[in-house]
Amino acid sequence: MTTVDPCPAARHRLGGHRITPVASGRWPDVTAVPRASWPVRALTASVVERALRRLPLRVRFADGTALGLGGPLIEVRDPKAFHSRVGTHGLIGFGESYMAGEWDAPDLVSALTVLATHAADLIPPRLQRMRGLWAQRQPGTQRNTPDRSRSNISCHYDLFALFLDETLTYSAAVFRGFPADWSLLQTAQHRKIDRLLDLAEVRKGTCLLEIGTSWGELALRAAARGAHVTSLTLSKEQRALALERVREAGYADRVAVELRDYREARGTYDAVVGVEMTEAVGAEFWPVYFHTVEDRLVPGGRAALQAVTMPHERMPASRDTHTWIQKYIFPGRLIPSTRAIEETARAAGLTVVSRDGFGAHYAETLRLWRERFTDRADSVASLGFDKAFRRLWTFYLAYSEAGFRSGHLDVHQYLLVKETPTR
């Protein structure tokens, strides 16, 4: 398998800062259909037919074959290439086939939502038991060691400003109601941040550690309350822009943005906040992450964490499998379950005080991002992003939205408190 390098040298300017796009011609596993023998294609076609004919979908192949019980339409324009990719690379091949334009759907989110709803039983039990033989394993080069984390983070976060609102916040917002409008997204992002700061009891004089700066919006909101913030990031671009925003807001004396891995944090704090970092650090390092949170808190200190989650029973199948999202979007990522988070947090000496789920709000956030990205297609193309890149991000945003709409994914805000030693 060819490994895609998602960090090419091509760049464009955005907001005065250098952002890294994916250059044209950097898609070896998309431009070249994998060689698959006729038996592999035939077996794949049989498995696909068995899975799709029972679903509330309409799947129409170019040769006239139709499957499904009715519902959102999927059009397979090149069945041979489609079956070759799926038969060779599984779900990675499914995503790459979309990037190559070999299949499409007029309502991509609805089609993917059906597939996500039935994800657990799409593959026959016999093949599920043989998963170790056919599923691709995660490459060791994507482990989130300190050095690899810096490389992994630089491969994707610096692209998101193409479709984010003015807060430049890349995480679930909290809305007052649905459907939401783009004009409400900035306020909804502030509402999400304020809920986390309230959970952590951030106020004037609070010493706050933020793990994962993004572009600085949470640090700005905390500083506006009078807190003293140390924010950690692995992205030079994000640090530069966050520091610029801090200076412009007049909070340079309250906010320090450090280019530092969370494992390198020092000192103690009244509160720790992290937004969607748990899934980014990788399962191998969850104990290290939560021990770091506990170590950095004063006794009785509070941690407010936001995390994307998946059902616990799906985690074993995902833990070692290399996925399309890991290959193209988030190297080294694994989404935890609520059980995994809570067990790991308790083992680190943290008390789980509360958990609040709001997955429907993430689906709505992703819809707004996806529509914004689609509306700006001409601008995206003019910046040098090729068709495969645009289809990659369309698929990613729709795939993620479908995960939350189906209930396969959720997002939670946690309050964790460090235990106070008894005398």
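I'll start with two helices, α16, residues 359-375, and α18, residues 387-406, whose axes come within 8 Å and cross at roughly 160°. Angles over 145 degrees count as roughly antiparallel, and therefore α16 and α18 are roughly antiparallel to each other. Their crossing is left-handed. Keep in mind that this is a predicted model.

Which residues of α16 and α18 meet? On the α16 side they are Gly359, Tyr362, Ala363, Glu364, Leu366, Arg367, Trp369, Arg370 and Phe373. On the α18 side they are Phe389, Arg390, Trp393, Thr394, Leu397, Ala398, Ser400, Glu401, Phe404 and Arg405. Sorted by class, that contact has 10 nonpolar, three polar and six charged residues.

Next, helix α4. It runs over residues 108-117, and eight of its 10 residues are buried, so α4 is largely enclosed by the rest of the structure. The buried ones are Leu108, Val109, Ala111, Leu112, Thr113, Val114, Leu115 and Ala116.

What covers them? The cover includes α16 and α18, the pair I began with. It also includes the helices α2, 38-52, and α3, 79-99, along with the strands β5, 73-76, and β6, 103-104.

Last, confidence. The protein averages a pLDDT of 86, and 84% of the residues score at least 70. Where does the pLDDT stay under 50? One such stretch is residues 1-24, for which the model has 59 contacts beyond four places in sequence. Over residues 151-158 the pLDDT is also below 50, and that stretch has 24 contacts in the model beyond near neighbours in sequence.

Methods
Residues numbered from 1 in each chain as written. Predicted model: local features only at pLDDT ≥ 70, side-chain atom pairs only at ≥ 80, totals over all residues. Heavy atoms only, no water. pLDDT = per-residue confidence, 0-100. Contact = heavy atoms within 4.5 Å. Axes fitted to C-alpha atoms, helices over the stretch in contact; angles between N-to-C directions. Helix = DSSP H or I, 4+ residues; strand = E, 2+ residues; numbered from the N terminus. Parallel < 35°, antiparallel > 145°, perpendicular 65-115°, else oblique. Left-handed = near helix turned anticlockwise from the far one by under 90°. Nonpolar A, V, L, I, M, F, W, Y, C, P; charged D, E, K, R; others polar. Buried < 20%, exposed > 50% of the residue type's maximum accessible area, 1.4 Å probe, protein only.
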